[in-house]
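Work through the following exercises with the model in view, and try each task before reading its solution.

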Amino acid sequence: MKKFIKLLSLQTKQQSLLRVVSLIIKETYQILRDPSSILIAFILPIILLIIFGYGVSLDLRKINIGVAMESNSLKARSLLSSFESVKFFNVRVDQSTKALQPYLIAGRINAILVIPQDFSRRLLLKEKNPVQIIIRGTDANTASLVKNYIEGTYQKWLQQQDIQNGVKNQKIINIDSRIWFNSNAKSSLAILPGSIAIIMTLIGTMLTSLVRAREWERGTMEALLSTPVTKLEFLISKFFPYFVLGMIAMGIVTIISIFIMKVPMRGSILALIMVSGVFLIFALSLGLVISAVARNQFIATQVALIVGFLPSFILSGLVFDINSMPLPIQIITYILPPRYFVTSLQTIFLTGDVWKIILPDTFFMLGFGLLLTFLLFKNTKTDLED
């Protein structure tokens with residue numbers, strides 16, 4: 001009797017494994033036959049990566065400024081030459097501030113540097129403000145950057161004048177600044193690794209959010225639920241193919257980021273695979289939850305964008321600094337796995353395998369993913385009455 005029970009149990013396990021493999025093969029064929037899945041997994045990531053890499057930038061590559069040359073002295077011309085020699089500035093010169101104001105109002109220039117008629121006298125008397133800077137403040141961040149660039153150029157010119165005049169620098173402390181991990185201070189090197197998190201969130205949620213909705217629309221879900229498939233078998237068959245597809249997409253965007261967009265990769269591939277795999281568990285589970293609720297592909301897509309893409313883009317810290325957000329919003333970000341994925345990716349790419357950062361982030365993501373998977377398992381029904 002015991003032998004019969006063991007044989008029956010073994011046979012049941014073999015049948016279960018056979019059903020899972022058959023369902024995975026069926027799902028794989030369905031992916032290959034469905035152009036939308038290929039577009040979402042391979043074309044969409046490349047398009048988004050190009051947009052984030054070349055379209056989203058926090059750097060000011062070219063600053064249009066106006067210089068009002070009310071003075072034509074040697075010092076004034078020297079200051080103008082100093083600004084014209086800086087590669088970041090595109091200088092428009094006029095003799096009066098009034099002539100440059102329409103360009104400032106229209107947004108064609110970001111600031112006006114006013115060199116007054118008595119500029120040389122003010123320099124000689126060491127007045128506090130020998131020049132005037134008028135900045136277009138419609139965008140506070142841009143205005144602040146423009147102000148820093150102009151003030152930095154002006155201070156550098158003053159130091160050169162002191163050297164030429166034989167005036168010794170009386171500074172007690174000399175500051176020699178050095179930026180770690182991103183020496184050129186290029187925002188794209190921080191944005192691109194973080195953008196991979198946004199891309200993977202969108203891919204993961206959209207791929208699986210369409211699965212069950214598509215089958216309900218095509219009428220194949222009824223045929224599937226009429227079979228003796230269990231909840232675990234059903235979820236594995238829906239999860240596994242898209243997990244592999246998501247990891248392939250992750251590999252593609254990583255290769256493009258490193259070899260085409262020149263993002264440094266200072267961490268290990270193993271750490272990247274581990275972090276990405278853990279995050280995909282969350283993203284795919286979220287998509288399956290959406291597909292369980294929405295039986296329409298259009299609705300499922302919209303919900304995936306709202307629930308997956310928008311929070312990960314706005315509240316992950318990729319573009320907007322979390323510390324500058326209101327406290328209630330900061331608290332909300334702690335329950336969003338993309339926040340931890342963005343931090344882990346930026347650490348792996350730009351810094352290296354800093355496990356004190358990577359491991360806690362990975363555990364948080366794993367916890368959220370397992371919780372969502374458990375809730376999905378508990379609420380998945382495999383009979384037509386539901």
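**Exercise 1: a pair of helices**

Describe how helix α10 (residues 231–259) packs against helix α15 (residues 355–379).

Solution. Helix α10 and helix α15 pack at an angle of about 130°, and their axes are 10 Å apart, where axes are lines fitted to C-alpha atoms over the stretch in contact and angles run from 0 to 180 degrees between N-to-C directions. That angle makes α10 oblique to α15, since angles under 35 degrees count as roughly parallel, over 145 as roughly antiparallel, 65 to 115 as roughly perpendicular and the rest as oblique. The contact (heavy atoms within 4.5 Å) is made by K231, L232 and L235 of α10 together with L376, F377 and K378 of α15.

This is a predicted model, in which local features need pLDDT of at least 70, side-chain atom pairs count only at pLDDT 80 or more, and totals for chains, interfaces and linings use all residues. Residues are numbered from 1 along each chain as its sequence is written, and side-chain values use heavy atoms, with hydrogens and water left out.

**Exercise 2: T153**

Decide whether T153 is buried or exposed, and list its contacts.

Solution. T153, which lies in helix α6 (residues 140–164), has a relative accessible area of 10% and is therefore buried (buried means under 20%, exposed over 50%, partly exposed in between, with a 1.4 Å probe and protein chains only). Leaving aside neighbours within four places in sequence, T153 is in contact with S82, F83, V86 and F89. A polar atom of the T153 side chain lies 2.9 Å from the backbone oxygen of Y149.

Terms used: Helices (H or I, at least four residues) and strands (E, at least two) are DSSP runs, numbered from the N terminus. A polar contact is a pair of N or O atoms within 3.5 Å; within protein, one must be able to donate a hydrogen and the other to accept it, and residues adjacent in sequence count only if both atoms are side-chain atoms.
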